[in-house]
Amino acid sequence: MNTIEKLNNRFGIDGKISFKLNDNGFKYADIDTGLSTATILLYGGHIVSFKPAGEEEMLWLSPNADYREGKAVRGGIPVCFPWFGPSPVDQSLPKHGFGRLMEWTMKSTKANPDGTVELELELESSDESFYFWHFEFKAVMTFVIGTTLTATLTVTNTGAVEMQYSAALHTYFAVGNAENVSIEGLSGYYYYPNGSTERRMQKDPYFTLDGFVDRCYVNHSDGCMIHDASLGRSISAGKSGSNTTVLWNPWEEGARLILDMPDEEYARFVCVEAANCFDDTIVLQPGQQHSTAVHLSVAEG
Ligand code: TA6
């Protein structure tokens, strides 16, 4: 019996969850709840599509995504773990950690009475992870999929010493045109713009995209609303367990430097990321755990 047959035997749910291989040989869960469809790659524990019934796709995925071991798939909700950005100890290690570069193990699937389905994928410390990071851990991605999507990263310190990590659920929200997008919910918060160490406060109630942005909002534990005038919809990007929000769009010039997306695609997404980084890194004593979650739903425009 091949791996896909085994996955289907153990975790498939008739008419709702089946396991397949994509054209590049990556395993994925193909999900149809009736309320929505979704696609979750085992590689990276990474959801790359979520489309509530009757709505446009909510997650952007690059048409040129690079499906190769050791590369990150651009789009969806990459899991940045156990560090966000460059490694704090060795800049030669992969940016945004190794969680998005390894295959996660399917642990469970479940169909709930309310029509939602639930999937759990796990990444545990191993010889491979020790090469990058000398801590013992268990990371679980839980997805609850219905008309809304909740994606939760729960990290447990399974070792005998204190462990510190940073992380992000680096969501690429699909939009009609980034030039017609404004984001609500960041007013009154300090942010560090584009890698600067000089903090500023956002005064405007809305942040309107009009060029390259890479901002890190600190002490921000609430969600945002993403208003997309082109599609005439708003997305509620709620979160919990995260005190930092990162906004990113490479815009035209930046997109030209990114090889795994077509240049013009910068206009099709905005990243609003639920992060634990900078002042908000997580410290876990042996046996402790922390969860970071995003709750995504569509509202009218
Ligand atoms: O979250 C924002 C960011 O850290 C940006 O600086 C930008 O580089 C982006 O992530 C994408 O990173 P990646 O390694 O996936 O190309």
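## Lining of the largest pocket

The residues lining the largest pocket comprise 26 nonpolar, eleven polar and ten charged. In this classification Ala, Val, Leu, Ile, Met, Phe, Trp, Tyr, Cys and Pro count as nonpolar, Asp, Glu, Lys and Arg as charged, and the others, Gly among them, as polar. The structure is a predicted model, in which local features need pLDDT of at least 70 and side-chain atom pairs count only at pLDDT 80 or more, while totals for chains, interfaces and linings use all residues. Residues are numbered from 1 along each chain as its sequence is written, and side-chain values use heavy atoms, with hydrogens and water left out.

The volume of the largest pocket is about 1,100 Å³. Its lining consists of 47 residues, and Phe 84, Gly 85, Pro 86, Lys 95 and His 96 are the closest to its centre. Two or more lining residues come from each of helix H2 (127-132), strand E10 (163-165), strand E17 (213-217) and strand E20 (244-249). E17 gives the largest share, three residues. Helices (H or I, at least four residues) and strands (E, at least two) are DSSP runs, numbered from the N terminus.

Pockets and cavities are both found on a 1 Å grid over the protein atoms alone: a pocket is an open set of points with protein on both sides within 12 Å along at least five of seven lines, a cavity is a set of points where a 1.4 Å probe fits but cannot get out, and lining residues have an atom within 4 Å of a point. Grid points are joined across faces, edges and corners, and a volume is the space filled by probe spheres set on the points.

## The cavity

The largest cavity holds about 70 Å³ of space. Of the 14 residues in its lining, Ala 237, Lys 239, Val 272, Glu 273 and Ala 274 lie nearest the centre.

Strands E19 (233-240), E21 (269-276) and E23 (289-300) each supply at least two residues of this lining. By class, the lining of the largest cavity divides into seven nonpolar, four polar and three charged residues.

The loop between strand E5 (79-80) and strand E6 (105-111) contains Pro 82. The peptide bond from Phe 81 to Pro 82 is cis, with omega near 0°. His 96 has its place in the loop between E5 and E6 as well, and its phi is near 65°, a positive value in a residue other than glycine. His 96 is buried at a relative accessible area of 7%, where buried means under 20% relative accessible area, exposed over 50% and partly exposed in between (1.4 Å probe, protein chains only).

Trp 251 also has a positive phi, about 55°, although it is not a glycine. This residue belongs to helix H3 (residues 251-256) and is buried, with a relative accessible area of 7%.

His 170 occupies the loop between strand E11 (167-169) and strand E12 (172-174). With 5% relative accessibility, His 170 counts as buried. Beyond its neighbours within four places in sequence, His 170 is in contact (heavy atoms within 4.5 Å) with Gly 76, Ile 77, Pro 78, Cys 80, Phe 84, His 96, Trp 248, Cys 271 and Glu 273. From His 170 to Glu 252 the C-alpha to C-alpha distance is 20 Å, with a separation of 82 residues in sequence.

## Cysteines

The structure contains zero disulfides, a disulfide being a pair of cysteine sulfur atoms within 2.5 Å. The sulfur of Cys 224 lies 13 Å from the closest cysteine sulfur, that of Cys 216, which is too far for a bond. Cys 271 is likewise in no disulfide, the nearest cysteine sulfur being that of Cys 80 at 9.3 Å.

Cys 224 is buried, with a relative accessible area of 5%. Cys 271 is buried too, at 0%.

## Overall fold dimensions

The protein has three helices and 23 strands. Its radius of gyration is 18 Å, close to the 19 Å that the globule rule gives for 301 residues, so the protein is as compact as a globular protein of that length. The radius is taken over C-alpha atoms, and the rule is 2.2 Å times the number of residues to the power 0.38. Along the principal axes, the C-alpha atoms fill a box of roughly 55 × 50 × 35 Å.

Of the 301 residues, 54% count as buried. Among contacts between residues at least 6 apart in sequence, 62% join residues at least 24 apart.
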